[in-house]
Amino acid sequence: MKNLFFLLLISVLAISCTKNADRPETKLLNKYAAEYVRLGLTIGEYDKDFVDAYYGPDSLKPKAVEGDEFPRDSLLASVNSLMNDIKLLANSAEVDSNKMRANWLYDQLASFSGRIKIFSGEYSTFDQESKQLFGVTAPVNTEDYFKAQLVLLDSLLPGKGNVNDRFQKLANKFIIRKDKLDPVIKAAIAESRKRTLAHYKLPAGESFTLEFVTDKPWNGYNWYKGKYQSVVQINTDLKIFIDRAIDVGSHESYPGHHVYNMLLEKNLYHDRGYVELSMYPLFSPQSLIAEGSANYGIEMAFPGDEKIKFAKSVLLPLAGLDTTGADAYFRALAIKGNLNYARNEAARGLIDDNWSQSKARTYLKKYCLMNDETAEKSVSFIKKYRAYVINYNYGLDLVKHHIEKNGGTAKDPAKRWELFSQLLSNEVTMDELGK
């Protein structure tokens, strides 16, 4: 009886989608979506960081650009014209799904304008830039907040003296040797995948390639290639600690970026024909969902003390590392997570207050408990990606709040995975995320 019900439900939905596809407003929205992709890809011809992934039709790719001059004004005019058309459609749409889709496209296009201005050298404040590109403004945290977190950390770290020095001494016990990186990180990814598959059925043939790289401003990156394939790159410029292996396994792959991109491709691009999802513009509200959900995915895959249990039972032995002190290290990491917002303040200082790179590094070492090389790399990241840093911490908090507010708490993991899937399978605006 249940199978019959679901078959009938699927049939009704299929008929509904077919009828919707024939509506004039849907056909017009599809046209605007194609223009959105074509416009984004054109921007990407000049701004090489703008398009993070594209796996749509070749027909939407622009012809090779002529000359090096960035057509700022004509691109802004095209963006504004398309935004006006889409806003009119959103206001008059008779189908709720069309209205939601149009509103999402409108917000994405607003970020196009912001990025065009930045790329052409027109800068604004950190908060204005955050709002323009990602649709939100992250909260401001004072040094008093970070100092209070350091006091908590001071109470549980072994030894005496400077908190940063004591944390680094403890953390250095859990550095993965380079000859152990491949098996340790692959083991962490395999575990993350197993835990994700316990809740989701992933597309057949999905897979990823793991690569170790150097000379990058980031620690790890997922390059989504379409057809459910990713290239996951890990930057080995920096020391990689045992917890980072778990974070990479969850954030970059399962149930993070790899799963997010796959669900969008399957459920929206292929199943519903939303061509706009074939392109991922990096500097857009979509990245706040991507990074926030990828970070929350770590907690999804390894709730409670599961992270430390897996590290002690599998990863540390595989890395040839002693488990002594691991409990204290992971407790310290939990508090250190509350210090992540200090990275935003360093970015504010660099962007708004003309901080020197030296001052920013000192701030990051003091309040983010970074070592010298990590602080240096973080400053390089901020100089290149600017307000993007809010997506990791504020994005995480917004995703977490959205899911838990709607019933996806640790007490109801099934509901949490269900809500997480919905978030990863739909076009979610910042207004909807806040609900």
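Colleague: Which residues does L109 touch, if those up to four places away in sequence are not counted?

Modeller: L109 touches Y36, L39, V79, L82, M83 and I86 on that count, where contact means that heavy atoms lie within 4.5 Å of each other. This is a predicted model, in which local features need pLDDT of at least 70 and side-chain atom pairs count only at pLDDT 80 or more, while totals for chains, interfaces and linings use all residues. Residues are numbered from 1 along each chain as its sequence is written, and side-chain values use heavy atoms, with hydrogens and water left out.

Colleague: Which residues have the most contacts inside the largest nonpolar core?

Modeller: They are Y36, L109, I242, Y329 and Y388, in a core of 142 residues. The name nonpolar core is given to a set of buried Ala, Val, Leu, Ile, Met, Phe, Trp, Tyr and Cys residues joined through side-chain atoms within 4.5 Å. The largest share of this core, 10 residues, comes from helix α2, residues 24-46; helices (H or I, at least four residues) and strands (E, at least two) are DSSP runs, numbered from the N terminus.

Colleague: Why is N406 called partly exposed?

Modeller: The relative accessible area of N406 is 37%, and buried means under 20%, exposed over 50% and partly exposed in between (1.4 Å probe, protein chains only), so N406 belongs to the group in between. N406 is found in the loop between α17 (390-405) and α18 (413-424), and, leaving aside neighbours within four places in sequence, N406 is in contact with K415, L419 and K435.

Colleague: How do you know that a polar atom of the side chain of N406 makes a polar contact with the backbone oxygen of H402?

Modeller: The two atoms lie 2.6 Å apart, and a polar contact is a pair of N or O atoms within 3.5 Å (within protein, one must be able to donate a hydrogen and the other to accept it, and residues adjacent in sequence count only if both atoms are side-chain atoms). The distance is therefore within the cut-off.

Colleague: How do you know that the span of helix α16 agrees with its 14 residues?

Modeller: The expected span of a helix is 1.5 Å times one less than its number of residues, which for α16 (residues 372-385) should be 20 Å, and its end C-alpha atoms are 20 Å apart, so the two agree. In α16, A375, K377, S378, V379, F381, I382 and Y385 are buried, and the buried residues of this helix pack against β3 (220-226), β4 (229-235), α14 (342-352), α15 (357-367) and α17.

Colleague: What makes α14 mostly covered?

Modeller: In α14, 10 of its 11 residues are buried, among them A342, R343 and L350. The buried residues of α14 pack against α5 (126-134), α6 (143-156), α15, α16 and α17.

Colleague: Why is N354 called exposed, and why is Y228 called buried?

Modeller: N354 has a relative accessible area of 68%, which is over the exposed cut-off, so N354 is exposed. Y228 has 15%, which is under the buried cut-off, so Y228 is buried. N354 is found in the loop between α14 and α15, whereas Y228 is found in the loop between β3 and β4.

Colleague: What makes the backbone at Y228 worth a remark?

Modeller: Most residues other than glycine have a negative phi, and most peptide bonds are trans. Y228, although not a glycine, has a positive phi of about 65 degrees, and N354, also not a glycine, has a positive phi of about 55 degrees. A cis peptide bond, with omega about 0 degrees, joins Y254 and P255.
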